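These are my notebook entries on one protein chain. I set out to look up a residue, a core and a pair of helices.

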Amino acid sequence: MQTYANRVRRCVLAVIVGLLVVSAAKAQAPLRWKFKEGESLNYVLERAVEGKINLSGADIAFKMGMTFDTTWNVKSVAQDGLANVEQTVDRVQISMSSPLGGNLVYDSQNLEPPTSPVWAQLKPLMEGMLGQTFKAKITSRGKVSDIELPQKLAEVFAKQQQGGNRQAGFGIGGNAFNETGIKELIEKSVLPLPEAAAAKDVTWTQSFQNPIRGIGTQTAEITYSFAELEQQDGKPVQKISSVTELTFEPADDARADLEITAQEGSADFYFDPQAGHLIKSVGTQMSALEMSGPRELTQEIKETTNMRLGKSPAAKPQTAADKEAKAPAK
């Protein structure tokens, strides 16, 4: 009887050990995007920028907010996890406030378009994005390549190049509304993942370059690391944190000198290991620049970028303040 009881205990112990080993193996499995053919994901991307520029003693304050509702459609997935993904822009919301460009409030769900002067510049870009599809290849580790712009938007950027307007947007080297900025926004929307499994000492990097015509190139070096495992909606979610360092390399024939005098950037990402996709992210970047040359200029900027699964709330009826913001500046 004792021998039988011992055998039962040994069998139970073996089963428990086996379950622990399997559980540990699963816990140590590297994080991966798990795209599925025919899958559709809705993401909201929000970007807000506020800052101040002092140009030859004159202060210019500005604010800009952009919200993009997008749908990711997975067209195909190879055996190695490489996915062909089409991202469609379903809705665009923009708000701007600046002494130079005036005020602007735009929501593509509203039928009445803005009438402010700056809208004349933005309208071709918005029409080139809204309802249009961007194509890209994305690996299971979040590497984005072969970004293909909609034909309508590509034509807008081609006209920008012909007209010499290679940089658009607020601030030094602002690229919110040019080809470089749009492609960077698409790439940043896909969280890169490391080869190794989650561990405290695992880090990995990603970098983006922003050419500033006639001055040099600003580089953003992003370093990612694993944070704690959290519970959201009753399921485990891997938190990943990042810090960003900005550096500047002057051009050989720079017409002005630029220096980054202060900076601080960080972000948190929440990734669902089981579903294999990002749930949300929250990031902030602050920087201060000084430029000397033909004119003295200083700039302070705070940028926040948020991304989440889901859709934006439906558009609210326009108020008198909204209509005033849309009216041409006198």
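**Entry 1: a strand residue.** I first located Thr-305, which lies in strand β12, residues 297–309. I kept in mind that the model is predicted. Is Thr-305 buried, exposed or partly exposed? I noted a relative accessibility of 29% for Thr-305, so this residue counts as partly exposed, because that class lies between under 20% for buried and over 50% for exposed. I then listed the contacts of Thr-305, leaving aside neighbours within four places in sequence: Leu-45, Glu-46, Arg-47, Ser-281, Val-282 and Gly-283. I also looked up Gly-65, which is 240 residues from Thr-305 along the chain, and found their C-alpha atoms separated by 9.9 Å.

**Entry 2: the core.** I recorded that the largest nonpolar core has 67 residues. Trp-33, Trp-72, Met-126, Leu-191 and Ile-240 have the most contacts inside this core. I followed up Trp-72 and, not counting residues up to four places away in sequence, found that it touches residues including Trp-33, Phe-35, Tyr-43, Val-85, Val-190 and Met-307.

**Entry 3: two helices.** I asked at what angle α2 and α3 pack. Helix α2 (residues 117–129) and helix α3 (residues 151–162) pack at about 150°, with their axes 7 Å apart. The two are therefore roughly antiparallel. I noted that the crossing of α2 past α3 is left-handed. On α2 the contact is made by Pro-124, Leu-125, Glu-127, Gly-128 and Met-129, and on α3 by Lys-152, Leu-153, Val-156, Phe-157 and Gln-160. I sorted these contact residues into 6 nonpolar, 2 polar and 2 charged.

Technical notes:
Residues are numbered from 1 along each chain as its sequence is written. This is a predicted model: local features need pLDDT of at least 70, side-chain atom pairs count only at pLDDT 80 or more; totals for chains, interfaces and linings use all residues. Side-chain values use heavy atoms; hydrogens and water are left out. A nonpolar core is a set of buried Ala, Val, Leu, Ile, Met, Phe, Trp, Tyr and Cys residues joined through side-chain atoms within 4.5 Å. Buried means under 20% relative accessible area, exposed over 50%, partly exposed in between (1.4 Å probe, protein chains only). Contact means heavy atoms within 4.5 Å. Axes are lines fitted to C-alpha atoms, for helices over the stretch in contact, and angles run from 0 to 180 degrees between N-to-C directions. Helices (H or I, at least four residues) and strands (E, at least two) are DSSP runs, numbered from the N terminus. Angles under 35 degrees count as roughly parallel, over 145 as roughly antiparallel, 65 to 115 as roughly perpendicular and the rest as oblique. A crossing is left-handed if the near helix is turned anticlockwise from the far one by less than a right angle, and right-handed if clockwise. Ala, Val, Leu, Ile, Met, Phe, Trp, Tyr, Cys and Pro count as nonpolar, Asp, Glu, Lys and Arg as charged, and the others, Gly among them, as polar.
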